[in-house]
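User: Could you walk me through this one slowly? I'm new to reading structures and would like to begin with the whole before the details.

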Amino acid sequence: MSESVEREEYRPSGTDLAPKLRDQEVGRTVVSARIPLSRADLVAYAGASGDHNPIHWNERFAREVGLDDVIAHGMLSMGSVLARITEWAVDPGAIIDCRTRFTAPVVVADADSGAPDTPTAYLDMAAVVGAIDEEAGTVRLDISVSCGEDTVLGRTQAKVRLA
């Protein structure tokens, strides 16, 4: 009769899954994503941030001030991009610096039909290793972000600490 032996299940920790500095190469794309945005996302972000500017929810007002339609909050766009970098790095504390320039508005039209959470705009982003600082244990990611034909975040970079 054999005795049942308990086995310890291996569960990788975040540090096991996180990218390693030694594995990075300048020019390598480490994150590529298509980020959907809907009017519901704008409402949720307005509630979380306290930014209830009508250009983010009222079509008439947005047009009266010269916009094509309702636009996404700039920090919603930037935060959505940085969330993908955080997922790659596995550690939200790994991003030690970031910068961007808001270069064009992200128009989020109302969906023709269906639920308000139907995406009508998409941010296409790619993060490429632009520099490696072995002494500091960091990589600089150069990030491109567009919506349709427009670059919406320019000169976007994130400095990420890796083990």
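**Overall shape, then two residues**

Analyst: Gladly, and please keep in mind that this is a predicted model. A compact globule of 163 residues would have a radius of gyration near 15 Å, whereas the chain here has 20 Å. Along the principal axes, its C-alpha atoms fill a box of roughly 75 × 50 × 25 Å.

User: OK, and what is the secondary structure of the chain?

Analyst: The chain has four helices and five strands, and, read from the N terminus, these elements follow the order α-β-α-α-α-β-β-β-β.

User: How much of the chain counts as buried?

Analyst: Of the 163 residues, 35% count as buried. As for the accessible surface, the total is about 10000 Å², and carbon and sulfur atoms make up 49% of that.

User: Now a single residue. Where is His73?

Analyst: His73 sits in the loop that lies between helix 3, residues 59-64, and helix 4, residues 74-89.

User: Is His73 buried or exposed, and why?

Analyst: His73 counts as buried because its relative accessibility is 2%, and the cut-off for buried is under 20%.

User: Which residues is it in contact with?

Analyst: Once its neighbours within four places in sequence are left aside, His73 is in contact with Leu42, Tyr45, Ala46, Asp51 and His56.

User: And Trp57, where does that one sit?

Analyst: Trp57 is also a loop residue, placed between helix 2, which covers 39-49, and helix 3. With 48% relative accessibility, Trp57 counts as partly exposed, since that class lies between the 20% limit for buried and the 50% limit for exposed.

User: What is Trp57 in contact with?

Analyst: Setting aside neighbours within four places in sequence, the contacts of Trp57 are Arg39, His52 and Val70. For His52 there is a further detail, in that its backbone oxygen lies 3.0 Å from a polar atom of the Trp57 side chain.

How values were computed: Residues are numbered from 1 along each chain as its sequence is written. This is a predicted model: local features need pLDDT of at least 70, side-chain atom pairs count only at pLDDT 80 or more; totals for chains, interfaces and linings use all residues. Side-chain values use heavy atoms; hydrogens and water are left out. Helices (H or I, at least four residues) and strands (E, at least two) are DSSP runs, numbered from the N terminus. Buried means under 20% relative accessible area, exposed over 50%, partly exposed in between (1.4 Å probe, protein chains only). Contact means heavy atoms within 4.5 Å. The radius of gyration is taken over C-alpha atoms; the globule rule is 2.2 Å times the number of residues to the power 0.38. Accessible areas come from the Shrake-Rupley method with a 1.4 Å probe; for residues, only the protein chains shown count as cover. A polar contact is a pair of N or O atoms within 3.5 Å; within protein, one must be able to donate a hydrogen and the other to accept it, and residues adjacent in sequence count only if both atoms are side-chain atoms.
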